[in-house]
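Look at the overall layout, then follow the text element by element.

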Amino acid sequence: MDMTWKPYVHDRLITQHPSGFYVIKPAHSNVTSQPIFCPVCDNIMRTIYDEETYKNFQCCDECANSWVYRDIERWKSGWRPSKEALATKVKDTKEDLAISMRKEDI
Ligand SMILES: [Zn+2]
């Protein structure tokens, strides 16, 4: 999918989507995008706490409570929980929450 951005009026960029419509965005923006799903556990990011935690640790609040705060320096150095540990945690979380959504559910 070739979407080459070109300069547009009022300090914006424009590109044409392969489907035919145009997309316009600010050329410079301080807004950082946040994923819909936590990059660590794949649970949906749904609260203001998830948003705040993502800014600091690039994960959801649940992951921060489960993994980050145990050893923040280890987390900052790049350590992440194993797939086995995550699978166990996800199973427990699903049983705790009445409503939950994961990337694999869609
Ligand atoms: Zn998470």
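Residues are numbered from 1 along each chain as its sequence is written.

**Confidence**

pLDDT is the predictor's confidence in each residue, from 0 to 100. Its mean over the protein chain is 87. A value of 70 or more is reached by 84% of the residues. Where is confidence lowest in the protein chain? Helix α4 (residues 83-96) has that place, at a mean of 75. Helix α3 (residues 72-76) is highest, at 96. Where pLDDT is low, the predicted coordinates should not be read in detail.

**Burial and contacts**

A residue is buried if 20 or more other C-beta atoms lie within 10 Å of its own, exposed if 12 or fewer, and partly exposed in between; these C-beta atoms are placed from the backbone. Of the 106 residues of the protein chain, 15% count as buried.

Two residues are in contact if their C-beta atoms, placed from the backbone, lie within 7 Å. Take the contacts between residues at least 6 apart in sequence. Of these, 17% join residues at least 24 apart.

**Helices α1 and α2**

Helix α1 covers residues 48-57, and helix α2 covers residues 61-68. They pack at an angle of about 55°, with their axes 8 Å apart. Axes are lines fitted to C-alpha atoms, for helices over the stretch in contact, and angles run from 0 to 180 degrees between N-to-C directions. Angles under 35 degrees count as roughly parallel, over 145 as roughly antiparallel, 65 to 115 as roughly perpendicular and the rest as oblique. α1 and α2 are therefore oblique to each other.

Which residues meet in this contact? From α1 come Tyr49, Asp50, Thr53 and Phe57, and from α2 come Asp61, Ala64 and Val68. Four residues of the contact are nonpolar, one is polar and two are charged. In this scheme Ala, Val, Leu, Ile, Met, Phe, Trp, Tyr, Cys and Pro count as nonpolar, Asp, Glu, Lys and Arg as charged, and the others, Gly among them, as polar.

Helix α2 is largely enclosed by the rest of the structure, because six of its eight residues are buried. Those six are Asp61, Glu62, Cys63, Ala64, Trp67 and Val68.

**The core**

A nonpolar core is a set of buried Ala, Val, Leu, Ile, Met, Phe, Trp, Tyr and Cys residues joined through C-beta atoms within 7 Å. The largest one has 11 residues: Cys38, Val40, Cys41, Tyr54, Cys59, Cys60, Cys63, Ala64, Trp67, Val68 and Trp75. Helix α2 gives the largest share of this core, four residues.

Leaving aside residues up to four places away in sequence, valine 40 touches Cys59, Cys63 and Arg80. With neighbours within four places again set aside, cysteine 38 is in contact with Asn43, Met45, Cys59, Cys60 and Cys63.

Cysteine 38 lies in the loop between β3 (22-26) and α1. It counts as buried, with 24 C-beta neighbours inside 10 Å. Asparagine 43 lies in the loop between β3 and α1. Asparagine 43 is buried, with 24 other C-beta atoms within 10 Å.

**Pairs apart in sequence**

The table lists C-alpha to C-alpha separations.

| Pair | Apart in sequence | Apart in space |
|---|---|---|
| Valine 23 and tryptophan 5 | 18 residues | 9.0 Å |

Valine 23 is found in strand β3. It counts as exposed, with 11 C-beta neighbours inside 10 Å.

**The loop between β1 and β2**

Most residues other than glycine have a negative phi. Histidine 10 has a positive phi of about 55°. It lies in the loop between β1 (6-8) and β2 (12-16). Histidine 10 is exposed, with 7 C-beta neighbours inside 10 Å. Aspartate 11 is found in the loop between β1 and β2. Its phi is positive too, near 55°. Aspartate 11 counts as exposed, with 9 C-beta neighbours inside 10 Å.

Technical notes. Predicted model: local features only at pLDDT ≥ 70, side-chain atom pairs only at ≥ 80, totals over all residues. Helix = DSSP H or I, 4+ residues; strand = E, 2+ residues; numbered from the N terminus.
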